[in-house]
Amino acid sequence: MDLRDLTRFALAGWKWIALCVALGVGLAVAYLGSTPSVYQASAAVVVLANGPQSITEAEQGVNMSAQLANTVATIIDSPAVLESVSTESLSVGELLDMTAAQAPPQTSSIEIVVESTNPEVAASVANGVAASATEIVPEMLGDDGEEGKLPVIIEVIRPATEPGSPFSPNAQGVMVIGTALGLCAGLAIAIGLGAAKPRQRARRVMIRRSRRNTKDTMLR
């Protein structure tokens, strides 16, 4: 069986291919319709040294800020900060599930990412967490410059905006996967049926010959 045979089988079984593709697209549409859309909004904050008095202190402050970023991210993604953002409709536990704070390596910036089925809520929570972090984190680390404390400040460098499209599910990706799976299934059925027909014809011919031979033998 070569490429020409496969092409012939596929063309002969085009109805199976069309049916399977339609079924794949239908399943993809059903999945998108039954799966809640999740929106993602993010705000960015930066950890800064609080009032360096010289270039040396400024350089030390930059290094310290980068080292503290992971610690600050952990504090942001904790009840210590999220409790002030909680409401009657959003508990601290729910905020913990929908919020994540991450610090890219070797930087003092922190990305606050919030996921929600409501785009307005996602943006509002991200901005609320960022604003809360600017007040609570310096107090926890110590922002008054006293000995033994870490003089840092947190500033919002990019507020969150309301997302215009859902982050998940990826409608385009789901449709492509559904179509591709339907196409593969249709081709498999068409080629399988096409390849089976010659064997079925050969079997019928052998059965007819066997019956004819048996009949001739009985007549003799």
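What follows is a set of questions and answers on how the features of this predicted model are assigned.

User: What makes a residue count here, and how are residues numbered?

Analyst: Residues are numbered from 1 along each chain as its sequence is written, and side-chain values use heavy atoms, with hydrogens and water left out. Because the model is predicted, local features need pLDDT of at least 70 and side-chain atom pairs count only at pLDDT 80 or more, whereas totals for chains, interfaces and linings use all residues.

User: How many helices and strands are there, and in what order do they run?

Analyst: The protein has seven helices and four strands, taken as DSSP runs numbered from the N terminus (helices H or I, at least four residues; strands E, at least two). From the N terminus on, the order is α-α-β-α-α-α-β-β-α-β-α.

User: Why is Ser132 called buried?

Analyst: Buried means under 20% relative accessible area, exposed over 50%, and partly exposed in between (1.4 Å probe, protein chains only). Ser132 has a relative accessible area of 7%, and is therefore buried. Ser132 lies in helix α6 and, leaving aside its neighbours within four places in sequence, is in contact with Val81, Ser84 and Val85, where contact means heavy atoms within 4.5 Å. Of the 220 residues of the protein, 30% count as buried.

User: Are Cys20 and Cys184 buried or exposed, and how many disulfides does the structure hold?

Analyst: Cys20 has a relative accessible area of 12% and so counts as buried, while Cys184, at 51% relative accessibility, counts as exposed. The structure holds zero disulfides, a disulfide being a pair of cysteine sulfur atoms within 2.5 Å.

User: What makes the pair of Arg158 and Glu111 a salt bridge?

Analyst: Side chains of opposite charge can pair when their charged atoms come close. The rule asks for a side-chain nitrogen of Lys or Arg within 4 Å of a carboxyl oxygen of Asp or Glu, and for Arg158 and Glu111 the closest N and O atoms are 2.3 Å apart, so the pair qualifies. The pair links distant parts of the chain, with Arg158 in strand β4 and Glu111 in strand β3, 47 residues apart. By this rule the count comes to one salt bridge.

User: Why are Arg158 and Glu111 called partly exposed?

Analyst: Arg158 has a relative accessible area of 35%, which places Arg158 in the partly exposed class, and Glu111, with 25%, is likewise partly exposed.

User: What makes up the largest nonpolar core?

Analyst: A nonpolar core is a set of buried Ala, Val, Leu, Ile, Met, Phe, Trp, Tyr and Cys residues joined through side-chain atoms within 4.5 Å. The largest one has 34 residues, and those with the most contacts inside it are Val72, Ile76, Ile110, Val129 and Val137. The largest share, ten residues, comes from α6. Not counting residues up to four places away in sequence, Val72 touches Val47, Ile110, Val137, Leu141 and Ile154.

User: Which residues form the nonpolar patch on the surface, and why is Leu19 called exposed?

Analyst: Trp16, Leu19, Ile189 and Leu193 form the patch, with about 370 Å² of accessible area together, and the elements that give two or more residues to it are α2 (14-34) and α7 (171-219). Patches are made of residues with over 30% relative accessible area and no salt bridge, like charges being joined within 9 Å and nonpolar side chains (Val, Leu, Ile, Met, Phe, Trp, Tyr) within 5 Å; accessible areas come from the Shrake-Rupley method with a 1.4 Å probe, and for residues only the protein chains shown count as cover. Leu19 has a relative accessible area of 52%, and is therefore exposed.
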